[in-house]
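Reader: I am new to this structure and would like to know what stands behind the terms used for it. Please set each value against its cut-off.

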Amino acid sequence: VGVAELSSGLALPPAVQIGQHRISCWYSAPYPSEYLHLAVLHLCPFCLHYTKSANVLARHLLKTCQLRHPPGNEIYRRTDLSVFEVDGSSAKVYCRNLCLLAKLFLDHKTLYFDVEPFLFYVLCQRRQDGWYLLGYFSKEKRSAQRYNLSCIMTLPCYQRRGYGRFLIDFSYLLSRRELLPGTPERPLSDLGRLTYQAYWTDAVLDWLSAKVFGSTDKLESASFISCTDLSSIEFSISEMAYSTGIEADDLAGTLQRLELLQLSSAQPLQQRQQLQVDASKLRRRLLDRRRVRQGSGGAGAGRRTVELAKLDEEALRWAPVV
Ligand code: ACO
Ligand code: ZN
């Protein structure tokens, strides 16, 4: 999806300034009307308070703003990345400001005012003067539909660096800790669908190769790719769901999209006790993925070269509420 296409100049406000970044807005957000027609809305990088000018913002930062990180518990820290868990009922203003900011990059309706039923997981980068927002996701405190994420956004100036994947991985890590496989709230945006499908594909391929080898280190292992004595891999979809945190329906859809299954019955996948993956098809998928990762032209061309943010599960300091 071309961002140029999205930022057609119709969005109100047309641009926001946050920290060092001036970002063109993709869609409009319901900021109070007197803020919508400014050429640029100036946001406080810490509390996301919106102001009409750089001067007003400078004064806010100097005199008023008490925050240098999101108003919640730091539940993850690794290198310069931290995740804060912010409760919508105790930090209403911050969470509303965060939802307004996210709306600028989301075309479907999102909530802005009714933030109390949600927790917000805010990914920040630590710098000398504070923790700067990279992206976030929101999650219902209680979800009857087992949604483990309602809304996700990476600020456009930080997109395609792996932070979206990091946040999705984080949402599934929480689901694994809760022993409750989950799924994102629908509808997904085009970018949301691309990012989820890429994540689910890797999760399924990693899990299957770990099942064969007992460890993901050998993931791209040449020995598996060339080994011919294995014709199929048997597993249950609920086993896969509990160890990935990904709901069975999404796993079934991914296995089908990747055409990995040996189909032997018309029964819906989720209801079957055991599934068989065709080892030669899995081998082919792993080879394709290795080729793309090595960037040897074709589908690999144009891939990013930046170092990707990787989630370290050991760095999570969090326990589910019981
Ligand atoms: N084009 C093609 N593939 C993409 C794109 C894109 N623009 N963006 C992500 N992907 C896929 C790629 O496979 C990518 O891996 P690669 O870069 O190695 O090819 C993979 O997703 C991971 O990308 P990340 O860099 O981790 O994702 P990013 O930090 O850019 O965030 C996000 C993705 C959150 C969807 C971002 O695009 C965004 O904020 N968009 C606007 C808001 C939005 O649409 N949110 C989702 C709404 S749906 C919901 O909230 C439930
Ligand atoms: Zn502030």
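Author: A definition comes first: a helix is a DSSP run of H or I with at least four residues, a strand is a run of E with at least two, and both are numbered from the N terminus. The model is predicted.

Reader: Which residues of helix H8 are buried?

Author: Helix H8 spans residues 237-244, and Ile237, Met240, Ala241 and Thr244 are its buried residues. The arc they cover around the axis is only 100°, so they lie on the same side of H8. In general, an α-helix has 3.6 residues a turn, and therefore residues three or four places apart point the same way.

Reader: How many aromatic pairs does the structure hold?

Author: There are 17 aromatic pairs in the structure.

Reader: Why is the pair of tryptophan 26 and phenylalanine 105 called edge-to-face?

Author: Ring centres must lie within 6.5 Å for a pair, and planes over 60 degrees apart count as edge-to-face. The rings of tryptophan 26 and phenylalanine 105 have centres 5.5 Å apart and planes at 90°, so the pair is edge-to-face. This pair links distant parts of the chain, 79 residues apart. Tryptophan 26 is in the loop between strand S2 (21-24) and helix H2 (33-36), and phenylalanine 105 is in the loop between helix H4 (92-103) and strand S7 (118-127). Tryptophan 26 and phenylalanine 105 are both buried.

Reader: What makes the pair of tryptophan 207 and phenylalanine 235 edge-to-face?

Author: Here the centres are 5.5 Å apart and the planes stand at 65°, so this pair, too, is edge-to-face. The two residues are 28 residues apart and link distant parts of the chain: tryptophan 207 is in helix H6 (residues 190-213), phenylalanine 235 in strand S12 (residues 232-235). Tryptophan 207 and phenylalanine 235 are buried.

Reader: Which residues form one aromatic cluster?

Author: The cluster consists of Tyr76, Tyr121, Phe137, Phe166 and Phe170.

Reader: How do you know that lysine 52 lies over the face of tyrosine 35?

Author: The charged atom, NZ of Lys or CZ of Arg, has to be within 6 Å of the ring centre and within 35 degrees of the ring normal. Lysine 52 is placed over the face of tyrosine 35, at 5.2 Å from the ring centre. Arginine 127 likewise lies over the face of tyrosine 132, at 4.5 Å from the ring centre.

Reader: Is threonine 79 buried or exposed?

Author: Exposed means a relative accessible area over 50%, and buried means under 20%. Threonine 79 has 56% relative accessibility and therefore counts as exposed. Threonine 79 sits in the loop between strand S5 (73-78) and strand S6 (81-87). Although not a glycine, threonine 79 has a positive phi of about 50°.

Reader: What makes glutamate 259 exposed?

Author: The relative accessible area of glutamate 259 is 56%, so this residue is exposed. Glutamate 259 lies in the loop between helix H9 (248-257) and strand S13 (275-278). Its phi is positive, about 50°, although glutamate 259 is not a glycine.

Reader: Why is leucine 81 called buried?

Author: Its relative accessible area is 8%, so leucine 81 is buried. Leucine 81 belongs to strand S6.

Reader: Which residues come nearest to ligand 1?

Author: Of the 26 residues around ligand 1, the nearest are Arg160, Gly162, Gly164, Arg165 and Ser189.

Reader: What makes the approach of threonine 154 to ligand 1 a polar contact?

Author: A polar contact is a pair of N or O atoms within 3.5 Å. A polar backbone atom of threonine 154 is 2.8 Å from an oxygen atom of ligand 1. A backbone N or O atom of arginine 160 also lies 2.8 Å from an oxygen atom of the ligand, and for a polar backbone atom of glycine 164 the distance to a ligand oxygen is 2.8 Å. On its own, ligand 1 has 980 Å² of accessible area, and the protein covers 89% of this area. Strand S10 (151-154), helix H5 (163-178) and H6 are the elements that give two or more residues to the shell. H6 provides the largest share, five residues.

Reader: Where are cis peptide bonds found, and what is omega there?

Author: One joins leucine 12 and proline 13, with omega about -5°. Proline 13 is in the loop between helix H1 (3-6) and strand S1 (15-18). Another joins arginine 186 and proline 187, with omega about 0°. Proline 187 is in the loop between strand S11 (183-184) and H6.

Definitions and conventions:
Residues numbered from 1 in each chain as written. Chains lettered and ligands numbered in written order. Predicted model: local features only at pLDDT ≥ 70, side-chain atom pairs only at ≥ 80, totals over all residues. Heavy atoms only, no water. Phe/Tyr/Trp six-rings, centres within 6.5 Å; stacked < 30°, edge-to-face > 60°. Buried < 20%, exposed > 50% of the residue type's maximum accessible area, 1.4 Å probe, protein only. Arc of directions from axis to C-beta. Near = heavy atom within 4 Å. Polar contact = N/O pair within 3.5 Å; in protein donor to acceptor, adjacent residues only side chain to side chain. Areas by Shrake-Rupley, 256 points an atom, 1.4 Å probe, with all protein chains shown as cover.
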